[in-house]
Amino acid sequence: MKKLAVLFAFTLILHGVNAQKQNEADVPDAVKAKFGEMFPDVKNVKWEKENTNYEAEFEVQKVETSAEFDESGAWLQTETHLDVDKLPDSIKDYFSKKLPGKKIAEASVISLANGSVCFEAEVENTDYIFDEGGNLLSTEA
């Protein structure tokens, strides 16, 4: 059941194809306030609107990061770039067994508002989403 909840939550907040750049002035005050509370030292934020949610793209200690909020300012998730070699071994093993010879182009760790963590690995323009145990949850081309 927990896997289903994580998958459902993640599916709701995946990056949509409807992402539109937003001027900071067009981002609701509640969203900017929550972002500032969570990331008080961050500068140079790029905003996008994905469906009804707002995504901030920025760097934390030179690491690509994004945080997503709903329009009321509730935090939904934070996605942080991860060196491919830092992925759990179970995820790297998945690719060596299921997609031998394919290279993981990039990876990230995703912290969800419900406290769970997922990992994303991109292989040939497809994102593979895994739970903390290395179980495949979904794919998105």
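This is a predicted model: local features need pLDDT of at least 70, side-chain atom pairs count only at pLDDT 80 or more; totals for chains, interfaces and linings use all residues.

Student: What makes strand 2 and strand 3 a pair?

Tutor: Pairing takes at least two bridges between the strands. Strand 2 and strand 3 (residues 53-60) have five, in the antiparallel sense, so they qualify as a pair. Glu50 stands opposite Asn53 in strand 3.

Student: And how do you know that strand 1 pairs with strand 2?

Tutor: By the bridge count again: strand 1 (residues 20-22) and strand 2 (residues 46-50) are joined by three bridges, against a requirement of at least two, so they pair. They run antiparallel, and Gln22 is placed opposite Trp47 in strand 2.

Student: Why is the pair Phe35 and Phe58 called edge-to-face?

Tutor: A ring pair is described by the distance of the centres and the angle of the planes. Centres must lie within 6.5 Å, and planes over 60 degrees apart count as edge-to-face. For Phe35 and Phe58 the centres are 5.1 Å apart and the planes are at 80°, so the pair is edge-to-face. Phe35 belongs to helix 2 (residues 29-38) and Phe58 to strand 3, 23 residues apart, so this pair links distant parts of the chain.

Student: What makes Phe35 and Phe69 an aromatic pair?

Tutor: Their centre-to-centre value is 6.3 Å, and the limit is 6.5 Å. With 80° between the planes, Phe35 and Phe69 are edge-to-face too. Phe69 lies in strand 4 (residues 63-69) and Phe35 in helix 2, so the pair ties together parts 34 residues apart in sequence. Ring pairs also link Phe35, Phe39, Trp47, Phe58 and Phe69 into a cluster.

Student: How do you know that Phe35 and Phe58 count as buried?

Tutor: The cut-off is under 20% relative accessible area. Phe35 comes in at 6%, so it counts as buried, and Phe58, at 5%, does so as well. Phe69 is buried too.

Student: Why is Thr126 called buried?

Tutor: Its relative accessible area is 18%, which is under 20%, so Thr126 is buried. Thr126 is found in strand 8 (residues 126-131). Leaving aside neighbours within four places in sequence, Thr126 is in contact with Ala121, Thr139, Glu140 and Ala141.

Student: What makes the link between Glu79 and Ser108 a polar contact?

Tutor: The side chains of Glu79 and Ser108 are joined at 3.0 Å, and the limit for N or O atoms is 3.5 Å. Glu79, in strand 5 (residues 75-82), is buried because its relative accessible area is 12%. The C-alpha atoms of Glu79 and Val109 are separated by 5.7 Å, though these residues are 30 apart along the chain.

Student: Which residues touch the most other members of the largest nonpolar core?

Tutor: Leu87, Phe95 and Phe130, in a core of 13 residues. Helix 3 (89-98), strand 6 (106-112), strand 7 (117-123) and strand 8 each supply at least two residues of this core. A second, separate core has eleven residues, including Val42, Trp47, Tyr54 and Ala56.

How values were computed:
Residues are numbered from 1 along each chain as its sequence is written. Side-chain values use heavy atoms; hydrogens and water are left out. Helices (H or I, at least four residues) and strands (E, at least two) are DSSP runs, numbered from the N terminus. Buried means under 20% relative accessible area, exposed over 50%, partly exposed in between (1.4 Å probe, protein chains only). A polar contact is a pair of N or O atoms within 3.5 Å; within protein, one must be able to donate a hydrogen and the other to accept it, and residues adjacent in sequence count only if both atoms are side-chain atoms. Contact means heavy atoms within 4.5 Å. A nonpolar core is a set of buried Ala, Val, Leu, Ile, Met, Phe, Trp, Tyr and Cys residues joined through side-chain atoms within 4.5 Å. Rings of Phe, Tyr and Trp (its six-membered ring) pair if their centres lie within 6.5 Å; planes under 30 degrees apart count as stacked, over 60 as edge-to-face and the rest as tilted.
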